[in-house]
Amino acid sequence: MSANPFHLAWFGAGGFGVKSWNKTWSGRGGQDWASPQLWVDIAQALERARFDYIIIEDSSYVPDAYGSNAKAYLSSATATPKMDPTVLAPIMSHLTSRIGIVPTLSVTEYHPYMLARKINTLDHMSNGRTGWNIVTSSSHRAAQNYGKDLLEEHDLRYDIADEFFDVSCRLWESWDADAVTLDAENGVWADYEKVHTIDFEGKFFKVRGPLNAPQSPQGRPVFTQAGGSPRGRQFAARTANSVISGVEGGPEAMKRFRDDIRAQAVGFGRDPDDVKVLFMASPVVGETDEEAQAKRARQVAFAEAHPELGLLHLSRHSGIDFAQFPLDEPIPDTAKTNGHQQMLAQAIGKTPREFLRKSLSTMEFVGSPDTVAAKMDEVMAEVGGDGFLIANFDLNRRYVSEIADGLVPALQRRGLTRTEYTHSRFRDNLLEF
């Protein structure tokens, strides 16, 4: 039985920074990393493939968790450098016409008024195609760049995020949708009775409002969120239009995750079909199954020969120095984090080498375009929806083309993904099916 049509999105892992700078197909990735052209090319290719959206991942610090210094991160250009995604986003939206553009902004690094104003501006500039990837940050180093000694405790960050979200939504709606009258005959550009202060005073924020610009085309942006912990899932179910997940365990675990998010959404009075759960995947596509399997074998061999590269990410996400643990001894359950709890929970009890090997084999889609499309069809039929978020840390134009021009046409032939956009605005396309 084939799956219902599902959505595709792209996770711009590593953010606006260096991509595949020392790999065969990197082009001038080491020299031209600050140019927006790669991102423009990606957005245009994914729009051609009718993707719903692209997330620009971000963080605002130079990591130093692994080995207790920044050497390995800077040497390998891992998670640094990164530049502001909100500067890149309008360039991408200006040179596309349908795909959603979603910068990442942290509630612990912005003030609600500043963020709401910035996103409102981006949604106007993109004619209703802007999203907000809501994150709470996970590193004390980021907090220290904003005048704090330490990042707030994990669940408290989500309490802050709840209030931040509510304030922002009230600001986005501080102008009524019809406040701008353009009444030239009476010399009235906007009706002042339809522009309101919000006079918000909560536990964490105090904001008068209103925004000093009209409501944007979508009113509110599209919200994406990746909460994996119990508290994170609760926040995602309450707020997100699209939840992104890297849950381990195959289709059964994916279905449990999606069912949980949908049930919690109902508890918040939401229509569960308005919350699209997309699962992280990194398809390996070749001309033939054999070619793809050989490519995958080379990827695995490289990763196993360079385990430090995987541990750099685990260290920075958890804040735990994984250089201290022998590669072949189990990670102790005494390891605690104020960062990404789901990732650490998946690592506890495994050796670092086992964890990295497991992360390499989760949700494998390897083969020709038709083979991968058939497998994605099978998985999504078992899960029930709603689609996949494609990610690749060794990002280059060749990989983007393999997905956009190889895999996606195979999915379209099966009736699994859209062949045209129905709507001009991001939210309308996302909620279409």
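Me: Where does arginine 50 lie?
Reply: Arginine 50 sits in the loop between helix 1 (37–48) and strand 3 (53–56). Helices here are DSSP runs of H or I with at least four residues, strands are runs of E with at least two, and both are numbered from the N terminus. This is a predicted model: local features need pLDDT of at least 70, side-chain atom pairs count only at pLDDT 80 or more, and totals for chains, interfaces and linings use all residues. Residues are numbered from 1 along each chain as its sequence is written, and side-chain values use heavy atoms, with hydrogens and water left out.

Me: Why does arginine 50 count as buried?
Reply: Its relative accessibility is 19%. Buried means under 20% relative accessible area, exposed means over 50%, and partly exposed is in between (1.4 Å probe, protein chains only). Arginine 50 therefore counts as buried.

Me: What is the phi of arginine 50?
Reply: Phi is near 65°, a positive value in a residue other than glycine. Most residues other than glycine have a negative phi.

Me: What is the phi of alanine 79, and is the residue buried or exposed?
Reply: Alanine 79 has phi near 65°, a positive value, and is not a glycine. Its place is the loop between helix 2 and strand 4. The relative accessible area is 9%, so alanine 79 is buried.

Me: Which peptide bond is cis at proline 81?
Reply: The one joining threonine 80 and proline 81, with omega about 0°. Proline 81 is in the loop between helix 2 (71–76) and strand 4 (82–83). Aspartate 386 belongs to the loop between helix 13 and strand 16. Most peptide bonds are trans.

Me: Why is tyrosine 73 called buried?
Reply: Its relative accessible area is 0%, so tyrosine 73 is buried. Tyrosine 73 is in helix 2. Leaving aside neighbours within four places in sequence, its contacts (heavy atoms within 4.5 Å) include Tyr66, Thr80, Leu312 and Arg316. Histidine 313 is 240 residues away in sequence, yet 9.3 Å away C-alpha to C-alpha.

Me: Why does glutamine 293 count as partly exposed?
Reply: Its relative accessibility is 46%, so glutamine 293 counts as partly exposed. Glutamine 293 lies in helix 9 (residues 289–305). Its C-alpha is 6.4 Å from that of valine 366, 73 residues apart along the chain.

Me: Why are helix 6 and helix 7 called roughly parallel?
Reply: Their axes come within 9 Å and cross at roughly 10°. Axes are lines fitted to C-alpha atoms, for helices over the stretch in contact, and angles run from 0 to 180 degrees between N-to-C directions. Under 35 degrees is roughly parallel, over 145 roughly antiparallel, 65 to 115 roughly perpendicular, and the rest oblique. Helix 6 and helix 7 are therefore roughly parallel. The contact includes Tyr158 and Phe165 of helix 6 and Phe235 of helix 7. By class, its residues are four nonpolar, three polar and six charged. Ala, Val, Leu, Ile, Met, Phe, Trp, Tyr, Cys and Pro count as nonpolar, Asp, Glu, Lys and Arg as charged, and the others, Gly among them, as polar.

Me: What covers the buried residues of helix 7?
Reply: The cover includes strand 6 (131–135), helix 6 (154–172), strand 11 (222–225), strand 12 (242–245) and helix 8. Among the buried residues of helix 7 (residues 230–239) are Arg231, Phe235 and Thr239.

Me: What makes helix 13 oblique to helix 14?
Reply: Helix 13 (residues 369–383) and helix 14 (residues 397–413) pack at about 55°, with axes 8 Å apart. That angle makes helix 13 oblique to helix 14. Pro369, Asp370, Val372, Ala373 and Met376 in helix 13 meet Gly406, Leu407, Ala410, Leu411 and Arg413 in helix 14. This contact has seven nonpolar, one polar and two charged residues.

Me: How do you know that the span of helix 13 agrees with its number of residues?
Reply: The expected span is 1.5 Å times one less than the number of residues. For the 15 residues of helix 13 that gives 21 Å; the end C-alpha atoms are 21 Å apart, so the span agrees. Just after helix 13, glycine 384 takes a positive phi of about 105°.
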